[in-house]
Amino acid sequence: MFAGVAESTGAWSPAEFEARLRRVGTERYHDKHPFNLRMHEGALSRAEIQSWVRNRYYYQTRIPVKDSAILTKSGDPSFRREWVQRLHDHDGRAPGEGGLELWLRLAETVGLDREDVASLAGVLPGVRRACDAYVELVEGADLLVAVASSLTELFAGDIMKTRIAAFETHYPWVDPDGLAYFRSRTTQAPRDARFGLAFVVEHATTRADQERCVAAVERKCEILWSLLDAVEAAHRRPKLSPHAVLRDDQERPGGAIAVLPERGVRINDAGREILALCDGARTADEIARELGARHADEPHVAEDVHEFLDQMDRLGVIVR
Amino acid sequence: MSGPRLWNLIAELTYRCPLRCPYCSNPRQWASIRDGLDADTWSRVFHEAAALGAVHVGLTGGEPSARRDLDAIVRSAAQAGLYPHLVTAGVPLTPAALGDLARDGLRSVQLSIQDATAEASDRIAGTPSFERKLAIARCTREQGLALTLNVVLHRENLAHVRDVIALARSLDADRLELANAQYDGWALVNRDALLPSREQLEAASRVVAEERTKASRPELVWVLPDYFSGRPKPCMGGWGQRLVVVAPDGLVLPCHAARELPGLAFWNVRERSLAECWRDAPGMNAFRGEAWMREPCRSCEKRTQDFGGCRCQAFRLTGDAANTDPACALAPRRDAVLTAREHASAAAWIHRGA
């Protein structure tokens with residue numbers, strides 16, 4: 001009886017449900033992110049393009065991982081036959097094939113070292129967090145929500161076409177052969193999206209399930225958005241907030257306290273060294289490289305610098 | 001005993017104030033507590049606070065700009081190495097005087113506004129002040145100082161939260177404190193009239209969540225009030241742990257309201273150093289740490305986060321400051337808060353001093 005009452009609040013019709021899923025893309029897909037807008041206008045520097053390619057590769061590596069997780073959730077051979085195609089698309093059927101390989105060729109084309117990119121060294125902590133959050137979302141979800149979270153592919157075909165045109169027009173230094181990944185996705189993404197959408201519409205029959213699917217697409221859009229936030233932030237030029245004052249920390253030699261209108265933030269000697277380079281002239285990326293070179297004997301220095309700057313940004317110690 | 005590291009000094013320069021807000025947190029007998037510390041004594045207190053580790057001083061009251069020597073006080077706070085933060089109602093302060101204070105070393109301003117419109121704000125304040133407050137807000141930003149707006153929320157203005165946020169945006173505030181009234185001082189006298197309904201709070205909470213998605217500025221500070229959350233507030237970050245209040249007469253307190261607790265001896269900076277008053281006064285040590293706690297606080301895993309809530313509220317609502325704060329859902333005297341919520345009504349309130 002209670003289930004009956006709940007359902008009387010009304011599952012959406014398939015058309016209405018699909019419209020709501022698509023509206024998430026209209027409102028929140030990352031084609032509207034300032035970084036993508038600038039990419040498509042031709043306004044990104046070579047360093048920004050390289051940084052995006054390097055960091056986005058981490059996302060690419062997570063796709064077959066999450067698709068493998070989705071495969072384990074289904075007991076239906078016909079579903080698995082269809083879904084396993086995604087693994088082949090990304091991993092290829094032999095070495096030197098597939099989407100990951102195409103992305104590494106793109107990396108070479110924009111002037112990066114293929115092995116370096118493949119090693120995932122220098123992936124920004126914010127990017128790592130965003131991509132890991134996607135895998136965790138899929139791993140923790142049931143099959144329906146896991147599939148729904150892939151539906152940002154509904155919007156991917158168009159962004160790939162925009163991107164190809166933008167690269168050809170604005171970034172002539174990128175060899176057109178390097179754009180093969182984008183070209184492959186203009187057909188793969190719509191095909192995958194059609195299957196995913198049909199599955200979700202068929203299996204989300206209650207309003208509650210439909211709402212969970214819409215929420216999954218929203219969450220996925222947030223994840224893609226925050227990936228670009230992190231790449232964008234790495235190329236901003238941080239400086240100490242005009243409202244922050246640095247004082248020596250009496251209790252910790254070498255440490256400081258950043259005093260703000262509403263809080264004091266304790267900073268250790270390494271943090272102080274980072275803040276000293278936040279002069280509004282260097283980008284976060286440049287600061288991370290400079291300190292990485294200065295402390296070449298220590299691991300993860302660049303990542304730690306970005307992590308620290310993200311934290312200082314959230315606390316209001318720096319602005320960028 | 002060395003005492004915990006002090007982080008923040010709250011300097012209550014005077015209890016005088018041209019406003020008469022019905023939720024004022026000053027002591028009910030404020031008029032009998034005189035301004036006992038001259039600028040030189042405040043200077044000594046600032047230096048002693050800095051030596052104890054303090055990095056921040058909130059210059060508050062009452063209304064700190066009611067003191068004619070506020071400029072000298074700000075200068076000495078800056079000289080002591082503290083970060084001077086002015087907590088003001090915006091009157092009798094003037095933009096010209098604020099410009100001088102910025103040159104004296106003032107870093108940030110917290111300005112109170114009572115509602116989103118002149119009519120409503122002035123009615124609560126009990127005096128025409130809204131337009132002057134706006135002038136102070138604009139001057140704060142022109143001077144390059146950080147601006148926090150503070151609006152105390154209650155039954156009469158909770159429905160205006162969206163307008164308050166729009167006002168804060170138009171003034172380019174860095175931060176907006178949507179501060180649900182705390183029921184001490186005059187607010188306790190007026191509690192029936194000020195206490196909102198749960199529906200009002202939930203509606204306001206939704207507005208805040210929506211507005212947060214629209215823009216990153218100002219930072220919106222909104223906490224469900226302790227009378228409704230079932231969780232006591234972590235009052236002052238723990239009794240005598242991080243903050244110290246020096247009252248206008250020089251009394252050194254763990255919070256602005258502890259003066260009223262019976263049987264606690266607090267000391268005075270006119271007679272002793274701030275270090276002694278902070279570290280050794282019997283009242284200051286009465287509720288430090290956890291030894292004073294009774295059940296259910298003593299064995300509660302949240303005790304290191306909320307410290308059993310507010311000692312003053314426990315005293316006011318149960319008659320014993322060592323009881324669990326009745327704002328806690330686990331408090332034996334939880335009934336004191338539940339009964340108060342039932343008595344909330346659109347009653348008339350009285351102004352401070354009325």
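Predicted model: local features only at pLDDT ≥ 70, side-chain atom pairs only at ≥ 80, totals over all residues.
User: Why is B:Phe307 called buried?

Analyst: The cut-off for a buried residue is 20 or more other C-beta atoms within 10 Å. B:Phe307 has 25 such neighbours, so the residue counts as buried. B:Phe307 is located in the loop between α13 (303–306) and α14 (311–318) of chain B.

User: How do you know that the peptide bond between B:Val91 and B:Pro92 is cis, and where does B:Pro92 lie?

Analyst: The omega angle of this bond is about 0 degrees, and the bond is cis. B:Pro92 is in the loop between β3 (83–88) and α3 (95–104) of chain B. A cis peptide bond also leads from B:Arg217 to B:Pro218, with omega near -10 degrees. B:Pro218 is placed in the loop between α9 (198–214) and β7 (219–222) of chain B. Most peptide bonds are trans.

User: Why is strand β4 of chain B described as largely enclosed?

Analyst: Five of the five residues of this strand (residues 108–112) are buried, so the strand is largely enclosed by the rest of the structure.

User: Which residues cover each face of β4(B)?

Analyst: In a regular strand the side chains alternate between the two faces of the sheet. On one side of β4(B) are B:Ser108, B:Gln110 and B:Ser112, and on the other are B:Val109 and B:Leu111; all are buried, and both faces are covered.

User: How do you know that β4(B) pairs with β3(B) and with β5(B)?

Analyst: Two strands pair if there are at least two bridges between them. Four bridges join β3(B) to β4(B), and these strands run parallel. Within β4(B), B:Leu111 stands opposite B:Thr88. Five bridges link β4(B) to strand β5 (residues 146–153) of chain B, again in the parallel sense. B:Ala146 in β5(B) faces B:Ser108 as its opposite residue.

User: What unit do β3(B), α3(B) and β4(B) make?

Analyst: Together they form a right-handed β-α-β unit.

Terms used:
Residues numbered from 1 in each chain as written. Chains lettered and ligands numbered in written order. Helix = DSSP H or I, 4+ residues; strand = E, 2+ residues; numbered from the N terminus. Buried ≥ 20, exposed ≤ 12 C-beta atoms within 10 Å, placed from the backbone. Right-handed = clockwise from strand over helix to strand, strands pointing away.
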